[in-house]
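Welcome! Take a moment to look over the sequence and the 3D view, and then let us walk through them together.

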Amino acid sequence: MMLYKTYQSYCHRLQHDMYFLTSNSRLNEQVVDKIILQLNRVYPQILSNAEAEKFRNPKASLHTRLSDLIKHLQKKGDRHCQEFYRALQINAEELYNDLPSRKILSPVFFLACFSVAAGFALFWYCCNSDTKVVGRARRILGFSPIIIGRHVRNICMLYLEDISRN
């Protein structure tokens with residue numbers, strides 16, 4: 001969705017999601033192995049055979065292996081972290097959809113909500129039958145080329161002139 005943070009790097013997202021992924025046994029051994037195998041077989045440049053064997057070592061705990069894998073991918077760069085997310089989505093889609101980094105809304109969303117609320121407030125303010133209000137609104141809109149675009153301002157000014165004639 002466009003409302004989610006899109007400017008955040010995959011490495012940063014993975015750092016943010018690391019605790020979620022490694023806590024409370026959210027990922028089981030089979031899913032982690034599938035992710036490692038996908039990163040190794042489909043994208044051998046992401047994980048070499050030796051690295052894949054290291055992260056699939058059954059002697060180490062699942063938490064340790066997963067934490068080490070995530071740290072390793074973060075060191076290698078954003079593309080590697082992106083492929084981890086792709087493998088996670090393919091092998092554990094429900095968990096992928098519940099990631100904290102996918103739940104955070106961007107500041108643009110809040111700015112858009114505020115803009116809509118401010119627009120409704122301005123519209124309500126301008127549609128008041130009191131002519132003094134229309135005059136004040138025209139003055140405010142006349143000096144606001146920075147706040148709103150020129151075309152929108154001109155449309156609002158024409159609308160206010162029509163209201164003041166009636």
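Is Arg-65 buried or exposed? Arg-65 is buried, because its relative accessible area is 3%, where buried means under 20% relative accessible area, exposed over 50% and partly exposed in between, using a 1.4 Å probe and protein chains only. Before going further, please keep in mind that this is a predicted model, in which local features need pLDDT of at least 70 and side-chain atom pairs count only at pLDDT 80 or more, while totals for chains, interfaces and linings use all residues. Residues are numbered from 1 along each chain as its sequence is written, and side-chain values use heavy atoms, with hydrogens and water left out.

**The overall picture**

The protein has 10 helices and 0 strands. Helices (H or I, at least four residues) and strands (E, at least two) are DSSP runs, numbered from the N terminus. Of the 166 residues in the protein, 34% are buried. Contact here means heavy atoms within 4.5 Å. Among contacts between residues at least 6 apart in sequence, 64% join residues at least 24 apart.

**Helix α4 and its residues**

Arg-65 has its place in helix α4. The side chain of Arg-65 reaches the backbone oxygen of Arg-56 at 3.5 Å. Such a polar contact is a pair of N or O atoms within 3.5 Å; within protein, one must be able to donate a hydrogen and the other to accept it, and residues adjacent in sequence count only if both atoms are side-chain atoms. Leaving aside neighbours within four places in sequence, Arg-65 is in contact with Glu-29, Asp-33, Phe-55, Arg-56, Asn-57 and Ala-60.

Helix α4 has 15 residues and reaches 21 Å from its first C-alpha to its last, close to the 21 Å expected at 1.5 Å a residue. The expected span is 1.5 Å times one less than the number of residues in the helix. Besides Arg-65, the buried residues of α4 include Leu-62, Leu-66, Ser-67, Leu-69, Ile-70, His-72 and Leu-73. Among the elements that cover the buried residues of α4 are α1 (10–22), α2, α3 and α5. Just after α4, Gly-77 takes a positive phi of about 125°.

Leu-69 is also found in α4. Which residues does Leu-69 contact, leaving aside its neighbours within four places in sequence? They are Ile-36, Leu-47, Phe-55 and Phe-84. One of these, Phe-55, is 14 residues from Leu-69 in sequence and 6.4 Å away in space, C-alpha to C-alpha.

**Helix α2 and its residues**

Helix α2 (residues 29–41) has 13 residues, which should span 18 Å at 1.5 Å a residue, and its end C-alpha atoms are 18 Å apart, in agreement. At the start of α2, a side-chain oxygen of Asn-28 reaches to within 3.2 Å of the backbone nitrogen of Gln-30. The buried residues of α2 pack against α3 (49–55), α4 (62–76) and α5 (78–91).

Val-32 lies in α2 and touches Leu-27, Leu-62 and Leu-66, not counting residues up to four places away in sequence. Val-32 and Leu-69 are 37 residues apart along the chain, and their C-alpha atoms are separated by 9.8 Å.

| Residue | Relative accessible area |
|---|---|
| Arg-65 | 3% |
| Leu-69 | 1% |
| Val-32 | 1% |
| Gln-38 | 13% |

**How the helices meet**

Two packed helices are described by the angle between their axes and the distance between the axes. Axes are lines fitted to C-alpha atoms, for helices over the stretch in contact, and angles run from 0 to 180 degrees between N-to-C directions.

How do α2 and α5 pack, and at what angle? The angle is about 130°, with the axes 9 Å apart. That makes α2 oblique to α5; angles under 35 degrees count as roughly parallel, over 145 as roughly antiparallel, 65 to 115 as roughly perpendicular and the rest as oblique. Among the residues that meet are Val-31, Lys-34 and Ile-35 in α2, and Glu-83, Phe-84 and Ala-87 in α5.

For α1 and α4, the angle is about 175° and the axes are 10 Å apart. These two helices, α1 and α4, are therefore roughly antiparallel to each other.
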